[in-house]
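Trainee: I have a new model open and would like to learn how to read it. Can we go through it feature by feature?

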Amino acid sequence: MNSDEIREAFLRFFERKEHLIIPSSSLVPRGDPTLLLTTAGMVQIKPYFLGLAMPPSPRLASCQKCFRTTDVDSVGDPKHLTFFEMLGNFSVGDYFKKEAIAWAWEFVAEHLNINTERLWVTIYLDDDESFSYWREIGFPESRIVRLGEKDNFWGPAGDSGPCGPCSEIHYDFGKEAGCGKPDCRPGCDCSRFSEIWNLVFTQYNQDLDGKRTSLPKPNIDTGMGLERTTAVMQGVASVYDTDLFIPLRDKICDLTGMKYGNDKTADHAIRIIAEHSRGITFLIADGVLPSNEGRGYVLRRVLRRACFFGEKLGAEGPFLNEIAQTVIAKMGHVYPELVKNQNLIQEVVEIEEEKFTSTLDTGINLVEKAVDEAVKQGRNYIAGEEVFKFWDTYGFHPELTAEIAQERGLVVDLEGFEAEMEKQRDRARAGHKFASDKGIGEDKALVKYIPEITDFVGYDKLKINSRVSYILDQESGRSIKSASKGRKVAVVLEETPFYGEMGGQVGDTGKITAASSQIDITNTAWSPYGSLDEGAIVHLGQVVKGTISVGDSVDAEVDVGRRLDIARNHTATHLLQAALRQVLGSHVCQRGSLVHPEGFRFDFSHLTAISKQQLDDIQHIVNERIRQNLPVKSKFVPYKQTIEDGAIALFEEKYGEMVRVLEIGKPPVSAELCGGTHVNSTGEIGLLVITSESSIGTGLRRIEAVTGRGAEDFLQKRLGALEAAAEEIRSSPAEVADKVKALLAELASERKRSASLERELSRNTVEILLDKTEQVSGITVLAARVPPSSMPALREMGDLLRDRLKSAVIVLGTVHDGKPNFVAVVTPDLVDGGLHAGDIVKQVAAVTGGSGGGKATMAQAGGKNKNKLDEALRTVKQLVQKA
């Protein structure tokens, strides 16, 4: 059977057992943005196991694409992979051990027809129930192995949660494939046994103290590795000898001129490239782009590792894209996202590979030199500082440095490397002023640990009556009971309509007033306290009238106009992200934002520059949705539910159990987790104008835009500038572009004519200068002032004089744009005698307060004082004589 037939047989088998076949989820987990990648079939089933969502059926089955980073360094051996397909059947409170074991045995024995004499089973030490079910179906006791928690118990994901024992099916490749020990059996570290199916019996809940209690409804979670099972079915010991990898192996050999099976080292490199190519292709298809953190780092690491081993095989130039196309051809019929994103895959691989291969040779040479130096000094390691330099300067991952070092028996100082990385992060944080120009800046430290909780009511109200619960003196940082006129304070109210800076949105401004006192609020900050959902909203400002005290009843009033400007911009960021994903692809994800009254900036993942047409399309889509006046609604729902519903969350952002979801339109054109303030309908935004689009790093782009009053101001200024330009060139605004083109063409023609006249003048000047040479110690010297000329014309005169005089020292000076300029020429025969044009012109220019330099035969300089030009030229004879 080939891999397609095995995959199909598994799914159809469980379909007949009344399982609903569900498609593979993305390698980027939808259910948990803090989870790096999908590592098992159970990831998309987990919400059902935890009771957070209702499954479409209590019996489910899938073929899930998975990626595990833990096995990167083991890739290339017969079994370990980063990317793999996991066949799985799941029971959500339905059947349990008896059926799971019976069906697993039925499938491998009767449908795959694997030689049952070669199958072994492992169970947890005291799992007598599983033992009895295996014996019940006739499996021999002699091939049932009891193992401990390390091998046969799946703990909770974290410190507590569902867990349970497991039972694994292993295939025996025979004694000749093992270690030769008489007691060799599953659990041995040798390559004799290969685990092909793991049946996990989730029957306990473990608390923080480690105590386990039975779940009211236990679950089944199984995983059968397609690659390993295919190897068994095709009678080979290595997954790389199966139909899943042979086309990739062959393509690599075609591209490198190697032959698989002739050299162990080359074979190992071929296997690594083949394996990594699959992971690279699938990661990009699921929207992961190369970067230096998170999922992007994983992609960049495996891509560059594949490049590195390609270099070792002698691959000339970029080659990974051709292998990626082979992956698509092999697996696109099963995973249509590969075909759909074929162009994106090609673009990302080509750009990243070209970027890395341009520095690869340099990086390898530097690492090898570092290894030689370490050996010379008697060290068995490469210092962390060096490893960091290779990464920071040449993009050479520490894992690649370790690969090279390991070949010579050395290790790398990863602790030292991490220390250097942390220093770099500290430098980045210190220089990171992303929000300080509009946000709380240094105030963040001031408000960090305020032990108060404020109720925020500002989604619906912009003016309320409240009570002062806390006052902090800004200068001393101390809690005070009251503050009088002139004092800068941080005030906390029991409830407030003021939004505290958070999530990229700046804080509100406004005023807090009492009967005879007033504080002008210049900023508002958020100070978390106790949980993600609770904290103090801190109003920063100055008492401008009377005295304010803790316990006072006050009116809190937000600056309405400013708040509405912020709301327009914030809702526009949501519309922008939806338009970006529509035009550029679903790989686009927000990576940062700053929303303030004057406009906003939005950072997102995308590898290449956005074309003018794409930018126009994006802006048009946003404005079309503004004109549609779509409703903007928010609701509070459980976090897990909203992710399952498809709302967008920020990766690595921390969320509480209940989250606010903002939906635009019905059905929504945008649904995002967001705690910010927004308009009630998109028509309130008025208009969006994109003012700039740029790169801010590899795989990161930034768009800046304005809306509402900001867009109106922007367009008025642009139109004003256009009208002023039209008036200046005596044209109408509509004809400015054509008139400017005509003027530029005319200017270019005049410049060409001017250059021609200047060259003619230079030739005439040369004829005059030939009669002004002098002899100094037998050397022909010409030091002369010439009519105002550009530096190119001055150099041309020097060239003409050198050709005519054959042997001479020539220094020409002129005043151009009010500044003295010099050119010095020394013929080659005099250079051999010790004269140097750069030295001469530097000393000449110094007289006029300038400097310069250049080659021995020609150099140039500029000065400051044009009145000293003649004096400077008179020093030339002395300098020649002295030299």
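Trainee: What span should the 25 residues of helix 17 have?
Mentor: Helices (H or I, at least four residues) and strands (E, at least two) are DSSP runs, numbered from the N terminus. The expected span of a helix is 1.5 Å times one less than its number of residues. Helix 17 covers residues 560-584, so it should span 36 Å, and its end C-alpha atoms are 36 Å apart, which agrees. This is a predicted model: local features need pLDDT of at least 70, side-chain atom pairs count only at pLDDT 80 or more, and totals for chains, interfaces and linings use all residues. Residues are numbered from 1 along each chain as its sequence is written, and side-chain values use heavy atoms, without hydrogens and water.

Trainee: What caps the N-terminal end of helix 17?
Mentor: Look for a polar contact (a pair of N or O atoms within 3.5 Å; within protein, one must be able to donate a hydrogen and the other to accept it, and residues adjacent in sequence count only if both atoms are side-chain atoms). Here Asp559 is the cap, with a side-chain oxygen 3.3 Å from the backbone nitrogen of Gly561. Just after helix 17, Gly585 takes a positive phi of about 130 degrees.

Trainee: How many residues of helix 17 are buried?
Mentor: Buried means under 20% relative accessible area, exposed over 50%, partly exposed in between (1.4 Å probe, protein chains only). Helix 17 is mostly covered, with 19 of its 25 residues buried.

Trainee: Where do the buried residues of helix 1 fall, seen down its axis?
Mentor: Take the directions from the helix axis to the C-beta atoms; the arc is that of these directions. In helix 1, the buried residues include Ile6, Phe10 and Phe14. The buried residues of helix 1 fall within an arc of 155 degrees, so they line one face of the helix.

Trainee: Which residues touch the most other members of the largest nonpolar core?
Mentor: In soluble globular proteins, nonpolar side chains tend to be buried together. A nonpolar core is a set of buried Ala, Val, Leu, Ile, Met, Phe, Trp, Tyr and Cys residues joined through side-chain atoms within 4.5 Å. The largest has 118 residues, and Trp134, Trp197, Leu320 and Phe396 touch the most other members. A second, separate core of 31 residues includes Ala567 and Val622.

Trainee: Is Thr454 buried or exposed?
Mentor: Thr454 is at 8% relative accessibility, so it counts as buried. Thr454 sits in the loop between helix 16 (443-446) and strand 12 (455-456). A polar atom of its side chain lies 3.4 Å from the backbone oxygen of Leu493.
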